[in-house]
Amino acid sequence: MNKYLITGANGFVGSALMTRLSDQAVGTVRKESGLPNTKATGDITPNTVWSEYLHGVNVVVHLAGIASKQGSSQDDYNKINHLATLKLAEDAANKGVRRFIFVSTIAVMGQTGSFDEESITNPQNDYAKSKLNAELGLKKLLADSEMELVIIRPPLVYGEGATGNFLILQKLIQKLPILPFGLSNNRRSFISRDNLIDLIITCANHSKAAGEVFLANEGPSISTREFTNAIAKGLGKNPIQFPLPGIVANILFKIIKRPTMYSQLFEDLEVQSSKLRDVLNWTAPLSLEQNMQNLKETKL
């Protein structure tokens, strides 16, 4: 039976993974949180000493880091998402950890488009560049190591308690009877927190996962209109989808100084991953509808 170290154990994905693994896992958090089986590391840096958290551990799942947000500098991303990741991997390898799972991001492929395992990487911001640098650094660091590396690149991760764009959509659906996605025929990929957790655990245990990079998704891509309709159904809402032309939406997002929101809501970000099936024999255990059934209204 594996013993796991989960970094970012109080985050959206980490907290649920800790619950799923129970006594198999020890987690690290930045500050004392009172959560069971967790230890505080303080701010993670390229100088953090991880050895005391790695006793008896044979699988590391690295979730901790800083997400794409305002106020973080290129240096912040580089130190925390890139260099601190390499330090953790180095300490884990020295402690005899068997497998290191790095949860990266689909943003290393680009912000829009259709991607598969053969697509070239094309990060568009400092966050995505730091994640790709971490991936490349891990491959180089562990090239001759006995510790096995697995990289997972998820798209938007959704579910009860999610933050970021999913929370924005959830609040819009709770508040507004009309949504602007009636003409949205884009193709986007998503994965729920519960499905991502199942994939992480599969990657921890499957012999063929070692050395692989997996683009995570949970099924056929869908439009933003279909995705928001699924959220609405989970919340017991029935909004009208107004046919707002994309060119108008683009102008409106520029006016409110959120230009990236247009690409995130109206353009494609499609993930096609044959490796999930061919290498891992993995399919998502929960459907979009099943995942949305657990949603609860959040405070506006």
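**Helix packing and loop residues in a predicted model**

Helix α1 is followed by serine 22, whose phi is positive, near 55 degrees. Helices (H or I, at least four residues) and strands (E, at least two) are DSSP runs, numbered from the N terminus. This is a predicted model, in which local features need pLDDT of at least 70, side-chain atom pairs count only at pLDDT 80 or more, and totals for chains, interfaces and linings use all residues. Residues are numbered from 1 along each chain as its sequence is written, and side-chain values use heavy atoms, with hydrogens and water left out.

Serine 22 lies in the loop between α1 and β2 (25–29). Serine 22 has a relative accessibility of 39% and so counts as partly exposed; buried means under 20% relative accessible area, exposed over 50%, and partly exposed in between (1.4 Å probe, protein chains only).

The buried residues are Phe12, Val13, Gly14, Ala16, Leu17, Met18 and Leu21. They pack against β1 (4–7), β2, β3, β4 (59–62), β8 (156–158) and α5, where contact means heavy atoms within 4.5 Å.

Two packed helices are described by the angle between their axes and the distance between the axes. For α1 (residues 12–21) and α5 (residues 193–205), the angle is about 60 degrees and the axes are 10 Å apart. That angle makes α1 oblique to α5. Angles under 35 degrees count as roughly parallel, over 145 as roughly antiparallel, 65 to 115 as roughly perpendicular and the rest as oblique. Axes are lines fitted to C-alpha atoms, for helices over the stretch in contact, and angles run from 0 to 180 degrees between N-to-C directions. The crossing of α1 and α5 is right-handed, the near helix being turned clockwise from the far one by less than a right angle (left-handed if anticlockwise). From α1 the contact takes in Phe12, Val13, Ser15, Ala16, Leu17, Arg20 and Leu21, and from α5 Arg193, Leu196, Ile197, Asp198, Ile200 and Ile201. By class these are 9 nonpolar, 1 polar and 3 charged residues; Ala, Val, Leu, Ile, Met, Phe, Trp, Tyr, Cys and Pro count as nonpolar, Asp, Glu, Lys and Arg as charged, and the others, Gly among them, as polar.

Phe166, Leu169, Gln170 and Ile173 of α4 meet Phe227, Thr228, Ile231 and Ala232 of α6. The contact of α4 with α6 has 6 nonpolar, 2 polar and no charged residues.

Helix α3 (residues 126–141) has 16 residues and reaches 22 Å from its first C-alpha to its last, close to the 22 Å expected at 1.5 Å a residue. The buried residues of α3 include Tyr127, Lys131, Glu135 and Leu138. The buried face of α3 is set by residues that pack against α2 (74–94), β5 (99–103) and β7 (148–153).

Two further loop residues remain. Asparagine 37, in the loop between β2 and β3 (38–40), has a positive phi near 60 degrees and is partly exposed at 40% relative accessibility. Threonine 41, in the loop between β3 and β4, is buried, with a relative accessible area of 18%. Not counting residues up to four places away in sequence, threonine 41 touches Thr28, Val29, Arg30, Trp50 and Tyr53.

Terms used
The expected span of a helix is 1.5 Å times one less than its number of residues.
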